[in-house]
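Let's take a walk through a protein chain together. Have the sequence and the 3D view ready, and follow along.

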Amino acid sequence: MATGNINVSVENIFPLIKKFLYSDHEIFLRELISNATDATLKLKHLTSIGEASVEYGNPVIEIKADKEGKKLHIIDQGIGMTADEVQKYINEVAFSGAEEFLNKYKDSAKDTGIIGHFGLGFYSAFMVAEKVEIITKSFKDEPAAHWICDGSPKYALEASDKTERGTEIILHIAEDSVEFLEDNKISELLVKYNKFMPVPIKFGTKEETLPLTEDAAEDAKPETVTVDNIINNPNPAWTKQPTDLEEEDYKNFYRELYPMQFEEPLFHIHLNVDYPFNLTGILYFPKLSNDLQIQKDRIQLYQNQVFVTDNVEGIVPEFLTMLKGVIDSPDIPLNVSRSYLQADGNVKKISSYITRKVADKLRALFNDNREDFEKKWNDIKVVIEYGMLSEDKFYDKAKKFALYPTVDNSYFTFDELIEKIKENQTDKDGNTVVLYASDKEAQHSYIEDAKAAGYEVLLLDSPIVPHLIQKLEGDNEKTQFARVDADHIDNLIKKDEEKISKLSEEEQETLKTKLTEAIPAEKYTVQLESRDSNAAPFIITEPEFMRRMKE
Ligand code: ADP
Ligand code: MG
């Protein structure tokens with residue numbers, strides 16, 4: 001038996017770790033399962049390149065809670081550690097065996113999916129445990145080792161009689177952390193952090209009903225069997241090649257990701273890049289009409305299939321945070337503040353890659369099936385309009401597919417619209433005037449009037465529109481937007497055209513006097529005539545600039 005001091009320069013690092021290393025105590029389980037996964041993937045790699053002559057088999061990671069004994073066990077069948085390796089990897093805090101492994105097998109191990117790299121994950125166990133034991137047997141033919149540490153820098157390392165390969169971590173859960181012994185709590189954490197990790201994770205057993213065979217007797221009862229309760233899907237859709245997936249697979253994965261979400265997504269975007277950074281993932285465009293769900297089901301960020309966060313602010317451009325799905329990248333620095341994240345070169349590249357992919361997908365949908373794209377427009381326009389406003393690169397691409405619907409449900413791109421109206425809707429300064437309504441009901445008379453004059457009237461009713469209009473005007477010289485109820489429309493109306501009023505001359509006179517009294521002439525214009533006999537008897541317009549000032 002050997003005893004010694006854990007190699008750290010501070011007198012007692014554990015209270016520090018407990019308080020400051022991770023703000024969330026619950027992540028200890030994620031860290032320990034990540035280590036168990038790494039140990040398993042390392043063995044897989046070593047057997048595949050012939051450096052370990054053992055049977056890899058079908059390794060499983062098992063989580064066992066012992067409520068009475070107040071112990072939590074994490075058991076793997078990975079490469080294990082010799083006593084020397086425990087000295088090296090565990091007793092030297094902040095020495096990462098994962099990093100060392102990746103350096104040693106640089107080229108061949110690039111895609112093993114090994115998670116660790118800070119060399120601190122293991123010690124997160126002390127956030128919830130007052131004592132931790134490691135019982136481990138290496139795949140190499142060496143005796144098993146048993147390490148015990150009670151949270152002080154003193155540890156004990158002795159021989160163990162463990163015969164099966166792999167590592168068992170035993171956490172003696174501290175009094176203030178007994179919640180982590182509850183099945184419900186453990187399940188919740190496993191689902192949150194480990195749902196898509198690459199090695200099967202077992203937590204207890206469950207009953208499964210076998211389907212009846214076709215020739216079963218009519219009164220046969222279905223048989224139930226007890227099977228391992230595997231909590232994860234080790235091969236989630238985003239890790240596969242797009243060519244290996246059908247539309248249905250993407251929909252199924254969406255349901256897997258958001259089990260409480262019953263609305264199907266409109267379409268998906270499969271992300272897959274390995275240079276100059278590594279990133280995979282699937283983004284979904286949800287129906288954005290359902291506002292409540294937007295808040296709850298957010299894009300989830302993973303690193304090598306380990307859940308990290310569902311706050312992707314700073315990583316994904318803000319307008320795309322309305323989407324759903326997953327992004328998995330080992331190249332996003334995590335233990336740093338959000339503001340630092342935004343300045344990180346890789347993160348910037350990732351953000352613009354995602355923006356580009358989303359724009360390309362939208363463009364493809366538009367080109368391949370315009371009719372369908374028009375049908376979806378109402379559900380996706382918020383994202384696109386918001387993106388056009390906030391990201392110039394996206395704006396440039398979106399110009400080709402962003403749609404402008406008319407009050408009669410025709411859809412134009414901006415260029416198509418200008419082409420269509422430039423002859424007919426020009427004011428005396430030579431500007432092409434784009435007429436739009438923001439409320440079909442309230443502006444009904446104005447709309448009818450403009451239509452009767454042969455003008456196109458857009459229906460732009462989202463709250464972003466006033467800003468988008470400014471952007472479009474700035475970007476297109478000689479283009480002016482005017483809401484149908486603005487005075488601006490008068491500049492368009494050809495003076496020689498006949499206008500009629502519904503009212504008798506006498507009525508017109510009375511009304512005029514009344515209205516002049518009631519309405520300040522410098523703010524509004526009153527007009528009694530119209531080109532459409534069905535229009536209202538009089539309409540009041542407000543100068544476009546006055547209205548914009550109020551917006
Ligand atoms: P990291 O995972 O970032 O390398 P950790 O503190 O999580 O750092 O773990 C330190 C090292 O301890 C690992 O790199 C690995 O070499 C070793 N280790 C931890 N858990 C296990 C395990 N279950 N099986 C084998 N080795 C392990
Ligand atoms: Mg680790």
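Start at the hairpin made by β12 and β13, which has 2 residues between its strands. In that turn, Asn 304 has a positive phi of about 45°. Strands here are DSSP runs of E with at least two residues, helices are runs of H or I with at least four, and both are numbered from the N terminus. Residues 300-303 make up β12 and residues 306-309 make up β13, and the two run antiparallel over 3 bridges. Look for Gln 303, which sits opposite Val 306 in β13. Two strands count as paired if DSSP finds at least two bridges between them.

A quick word on the model: it is predicted, so local features need pLDDT of at least 70 and side-chain atom pairs count only at pLDDT 80 or more, while totals for chains, interfaces and linings use all residues. Residues are numbered from 1 along each chain as its sequence is written, with chains lettered from A and ligands numbered from 1 in the order in which they are written.

Now hop over to an open sheet of 3 strands, ordered β18-β17-β19, with parallel pairing. Its edge strands, β18 (457-459) and β19 (479-483), each pair on one side only. β17, residues 432-437, pairs with β18 in the parallel sense over 3 bridges. Across that pairing, Tyr 436 stands opposite Leu 458 in β18.

Finally, zoom out: the protein chain holds 16 helices and 21 strands. Of its 551 residues, 33% are buried, meaning that 20 or more other C-beta atoms, placed from the backbone, lie within 10 Å of the residue's own.

Conventions
Buried ≥ 20, exposed ≤ 12 C-beta atoms within 10 Å, placed from the backbone.
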